[in-house]
Amino acid sequence: MSYYLDFFNIYVMGNIQILLGVYFLVRFLKKKVKCLHFILFAAAGFAITSMIPSGSIIEFVVYVSLLVTGGIFICHGDRESVILYAALTAEIMQLSYGMINSLLTILYPWMFSFDQKWSGIVFMVSGNLASCFLAVFCNYIVLRYFSVYETTKKKYVLPVLIPIVMIFFMEQYISSVIYGNVNISDGNGAAWYKNHIQLFIIQFLGMVSLFCIMFAYKKLLENFHLSTELSLLEQQEHSLNQYVEEVKARYEKTKSFRHDIKNHISVVKELLQKGRSEQALGYIGDLESMTVELSFSCSTNNPVVDMLVGNKLGIAGALGIDVHCSLVLPYPCPVRDIDFCVILSNALDNAIHACQRMAHGEERYIRVTDRIQGDFILLEVENSFQGENPSQRGTGLSNIKAVAEKYHGAMSIKTRESAFILSVLLIIPQHLESSSQQTDSSDEADSRRKY
């Protein structure tokens, strides 16, 4: 019988414990792993942990190290998050087993009236199963309500990891103190009973502390996300106010031109009637230059983007930078005008600054292009640069990335010799665009019916 019990404790429950740890680590990291990898990792982990004394600090460190190894090389997760969730998973498993063992030891003195052999077997099997269920339940609660996998918030991992590790060492220390001070004064085991109540309370508070730590971690990341969105909104407000002022100025120029157009036509007509064709052509040339100032230098099919890109590329052209724009956007488009402005204003500002830092005589250029295929819009801004990577000094890249992620896309940066290329992918479902068009068509039809 003892052989089967040892086999159940060591081989069955040991493998289940390792499998549970790997499973929840994968879930915390939001990765997918094949079943074969689970089995191979559990076998390797069991082979290593079976050679280490059970319940020791070394066992905990080795177990966490195994989970970290699997998280990095099998799940391909980032190192900081893997370490955090590996320690969290191992600590939940450790506290679950400790709480159940303490609880069963508290209840064990009342089992003296039964057969001690069979009651011991029942307690051992039920304790292992109850520990697994408790660990699964606690991991699920953390996964469901408190876990946040943010690879961009790595700087917050260490302040969260340290309390988790401290809970383990404090639990181990208190456990050794309580066990070391046990003095059984009578045959009923009164002192043993009392110490295990204290240990159970300590382990329970340790588990509650883990939940509190993860709750605080989640709130910390949410606050960081909100602050990023606030910064993005502030920049959007600044850009919007700037473009509103530019629209007002352009509107005033257009209004003035429209007011004087009749006089201009009269002057040209009179010159032609008097046979002064050369003077009329010169006058028309002056009118043409005035219309050029009122028109947009880049036609993107979006009036707001036309104004933004025309303004930025006009500044670049005045600085002697060769500019080219072949940007044509879908219209109407589910992407908000202000989001296009955030992407292009930051990208073009960085491009202009990079070109300005180049030595005199070097080729300086800015290219703005896009590609539209299906549900995807790919915006690219390419510029020349010299020296260090401009991405290390560029501003607003986090805002560009935030806008890309808002539309389930991504931002990428690459360099090719002296060229810097910023690519922004936006995913725009076509049904949204079609529904927008249908809405616009229906609104237009309604307006026609009104008139």
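Student: In this predicted model, is Tyr23 buried, exposed or partly exposed?
Tutor: The relative accessibility of Tyr23 is 36%. Buried requires under 20% and exposed requires over 50%. Because 36% falls in between, Tyr23 counts as partly exposed.

Student: How many aromatic pairs are found in the whole structure, and what is the geometry of the one formed by Tyr23 and Phe24?
Tutor: The search of the whole structure gives 4 aromatic pairs. Tyr23 and Phe24 form an aromatic pair with 5.1 Å centre to centre and 80° between the planes. Planes over 60 degrees apart count as edge-to-face, so the geometry of Tyr23 and Phe24 is edge-to-face.

Student: Which geometry do the rings of Phe168 and Phe169 have?
Tutor: Their centres are 5.3 Å apart, with the planes at 70°. That angle is over the 60 degrees required, so the pair is edge-to-face.

Student: Which residue lies over the face of Tyr145?
Tutor: A charge counts as over a ring if CZ of Arg is within 6 Å of the ring centre and within 35 degrees of the ring normal. The residue over the face of Tyr145, at 5.1 Å from the ring centre, is Arg144.

Student: What span should helix α3 have, and how far apart are its end C-alpha atoms?
Tutor: Helix α3 covers residues 57–73, which is 17 residues. At 1.5 Å a residue, α3 should span 24 Å. This agrees with the distance between its end C-alpha atoms, 24 Å.

Technical notes:
Residues numbered from 1 in each chain as written. Predicted model: local features only at pLDDT ≥ 70, side-chain atom pairs only at ≥ 80, totals over all residues. Heavy atoms only, no water. Helix = DSSP H or I, 4+ residues; strand = E, 2+ residues; numbered from the N terminus. Expected span 1.5 Å × (residues − 1). Phe/Tyr/Trp six-rings, centres within 6.5 Å; stacked < 30°, edge-to-face > 60°. Buried < 20%, exposed > 50% of the residue type's maximum accessible area, 1.4 Å probe, protein only.
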